[in-house]
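Please find my notes on the model below. They are meant to be read beside the coordinates.

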Amino acid sequence: MIEARHLRVLRAVAATGSFSAAGRELGCTQPAVSQQMKALETSVGTPLLVRSGREMRLTQAGEALVRHAAGILSGLTAAEEEVAAIAGLRAGRVRLVSFPSGSSTLVPTALAALRADHPGTRVSLEEAEPPESVEALRAGDYDIALAFRYARVPGAGQAEEWDDLVVRPLLTDRLVALVPERHRLARAEAVAIGELAAEPWIAGCPRCRGQLVEVCERAGFTPRIDFATDDYPAVVGLVGAGLGVAVLPQLAIESVRPRGARAVTLEPAVRREIVALTLPDLAQVPAVAATLERLARAARAARAK
């Protein structure tokens, strides 16, 4: 294997014509230069220099290696500078995937703070719901996934496993009931989901829809779902128009203006855990670590509201 330090010595010897002059240029002794040249010749398996008295000239192999050394060393220097910039957060890229209500609440605050502190770090954002987003993270399509999972409940299936990932807990998001403003329960302090058993329902994303059915069935009824949409503003709009009721995460309510609808505390409490996920190796990358920290700060600020 050819080492960069040996190439630097070879270039110095070729430029100065002697070991002693190369040593002075490199700031080392003549024996050290001689030793490194021997090591380089051993690595390549052929002589690189011909010594004749006080003169020294390159062999054909030596000339070829010196010719390539310039490009190799300049490329290595450029690589070292780029890595140093990334490590120092003067540069870097983070690919972030988030579920929609996280994209509209936690992500903007986090990325604004990251840009202010590290303007050279670029972050791309795409939206996807878990578990698809988590699988895409595992596949290498993203560096960080903002995801959620519902708390385990008696009789429910196993919660999604993230044992192979670095999990950064952000906040716990409680589900709330959303009813039209003129609904009989609109002014209630809290509502049991069973009190809404006879209502038409508007369901959200597929995962939230599954959670709704599960919660309702535990309360002894199957919801009559009249409308289903992945778009939270559409859910709120349908409820506001009096077309049904819904159960949405609090974070989703905060991301839209619920005109014509009111959010009511749901009892018993149903919660989902919101986390930032990354792969163990990626957690050590400075730009990824900085983004995780800004997401955590944004979550703390959201909890304090």
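The points below go from overall dimensions to the cores, and then to surface and charge.

1. This is a predicted model. The protein chain contains 10 helices and 12 strands.

2. The overall dimensions deserve attention. The radius of gyration of the protein chain is 31 Å, whereas a compact globule of 305 residues would have one near 19 Å. Along the principal axes, the C-alpha atoms fill a box of roughly 105 × 35 × 25 Å.

3. Of the 305 residues in the protein chain, 42% count as buried.

4. The largest nonpolar core comprises 59 residues. Ile 144, Leu 170, Leu 178, Ile 193, Leu 196, Trp 201 and Ile 274 have the most contacts inside this core. Helix α10, residues 286–304, gives the most to the core, with eight residues.

5. Leaving aside residues up to four places away in sequence, Leu 178 touches Val 236, Val 239, Val 245, Ala 246, Leu 248, Ile 253, Ala 261, Arg 262 and Ala 263. Another core, of 16 residues, lies apart from the largest one; its members include Leu 7, Ala 12, Leu 65 and Leu 73.

6. The protein chain carries 36 positive and 35 negative charges. Their mean positions are 6 Å apart.

Conventions:
Residues are numbered from 1 along each chain as its sequence is written. This is a predicted model: local features need pLDDT of at least 70, side-chain atom pairs count only at pLDDT 80 or more; totals for chains, interfaces and linings use all residues. Side-chain values use heavy atoms; hydrogens and water are left out. A nonpolar core is a set of buried Ala, Val, Leu, Ile, Met, Phe, Trp, Tyr and Cys residues joined through side-chain atoms within 4.5 Å. Buried means under 20% relative accessible area, exposed over 50%, partly exposed in between (1.4 Å probe, protein chains only). Helices (H or I, at least four residues) and strands (E, at least two) are DSSP runs, numbered from the N terminus. Contact means heavy atoms within 4.5 Å. The radius of gyration is taken over C-alpha atoms; the globule rule is 2.2 Å times the number of residues to the power 0.38. Lys and Arg count as positive and Asp and Glu as negative; His and the chain ends are not counted. The place of a charge is taken as NZ of Lys, CZ of Arg, CG of Asp or CD of Glu.
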